[in-house]
Structures are given as C-alpha cells and as structure tokens.
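I opened the notebook to look up a few contacts in this model. My notes follow in the order I made them.

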Amino acid sequence: MSEAQTLAKQYGCQLKRVRRSRHWSANGLAMDIQSLAQALKDTNQDAFIYLTNKLEAGLVPPADKLEPLPVKLARLNKDNPNITLRELIALTACTQAEARLARFETEIL
C-alpha cells in the first residue's frame, strides 16, 4: 500500500487509514483522484485492481465536479439557450461575472 500512497502524493491526493481500522480513505480533489485511479490502472498490478474499482465507484456520484467550470457553463448554455443567469449560478455555484462571460462566449460561437 505504500506504493499507492506515494503515487497518491504525486497526484495531490492522500491515502490513509481510517483510525485503527482496516478501512482506507482517499482525500483530494475529484479530478486528482480520477487521475490517481487512471495511474493505478496504468501500472497493471493486480494489487491495485480493488483500489482502482473503489476509487472509480466513489467518483460516480460527483461526476459533475470532474468537468471544469468553463466547460460546464458552455455545455449548459448550449443545451438550454434560454437559461437565465440565476439558473446558471444556482446549478454551477459560479459568480455572476463567470456566468455572463460564459453566455457571451457561447453567443459568439
């Protein structure tokens, strides 16, 4: 497991035991954990198959966090051209300036 911990540190994540149990916890940004899971997959070691599956399963619910904010704003604007600024802000937790910029860039394209 120490090899997985050093790999996690390279990706800005942290793998550590939960108190004194046999359970482990992965901490970090969703995009970093996704990169860590891909790196563990690329090592082709059988010891990391279970860990990789658990990391990917944990990433399924917040999949919207894996998409960068400008890309998400552009997608929402393209999918629904009549979306209001308030709806964009509520869906993405962005600032009003970011929502306006995204709408402006979408209208240009």
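I count a salt bridge when a side-chain nitrogen of Lys or Arg lies within 4 Å of a carboxyl oxygen of Asp or Glu. The model is predicted, and I kept that in mind throughout.

**Entry: salt bridges.** I found three salt bridges in the structure. I looked up K41 with E56: their closest N and O atoms are 2.6 Å apart. This pair links distant parts of the chain. K41 sits in helix α2 (residues 30-42), and E56 sits in helix α3 (residues 49-59), 15 residues apart.

**Entry: helix packing.** I turned next to helix α4 (residues 69-79) and helix α6 (residues 96-108). They pack at an angle of about 60°, and their axes are 9 Å apart. That angle makes α4 oblique to α6. I noted the crossing of α4 past α6 as right-handed.

Which residues of α4 and α6 meet? From α4 I listed L69, L73, A74, N77 and K78. Their partners in α6 are E98, A102, R103 and T106. Sorted by class, this contact has four nonpolar, two polar and three charged residues.

**Entry: hairpin.** I then checked the strands. β1 (residues 14-17) pairs with β2 (residues 24-27) over four bridges, in the antiparallel sense. R17 stands opposite W24 in β2. I counted six residues between the strands of this hairpin. In the hairpin, R19 takes a positive phi near 50°.

Definitions and conventions: Residues are numbered from 1 along each chain as its sequence is written. This is a predicted model: local features need pLDDT of at least 70, side-chain atom pairs count only at pLDDT 80 or more; totals for chains, interfaces and linings use all residues. Side-chain values use heavy atoms; hydrogens and water are left out. Axes are lines fitted to C-alpha atoms, for helices over the stretch in contact, and angles run from 0 to 180 degrees between N-to-C directions. Helices (H or I, at least four residues) and strands (E, at least two) are DSSP runs, numbered from the N terminus. Angles under 35 degrees count as roughly parallel, over 145 as roughly antiparallel, 65 to 115 as roughly perpendicular and the rest as oblique. A crossing is left-handed if the near helix is turned anticlockwise from the far one by less than a right angle, and right-handed if clockwise. Contact means heavy atoms within 4.5 Å. Ala, Val, Leu, Ile, Met, Phe, Trp, Tyr, Cys and Pro count as nonpolar, Asp, Glu, Lys and Arg as charged, and the others, Gly among them, as polar. Two strands pair if DSSP finds at least two bridges between them.
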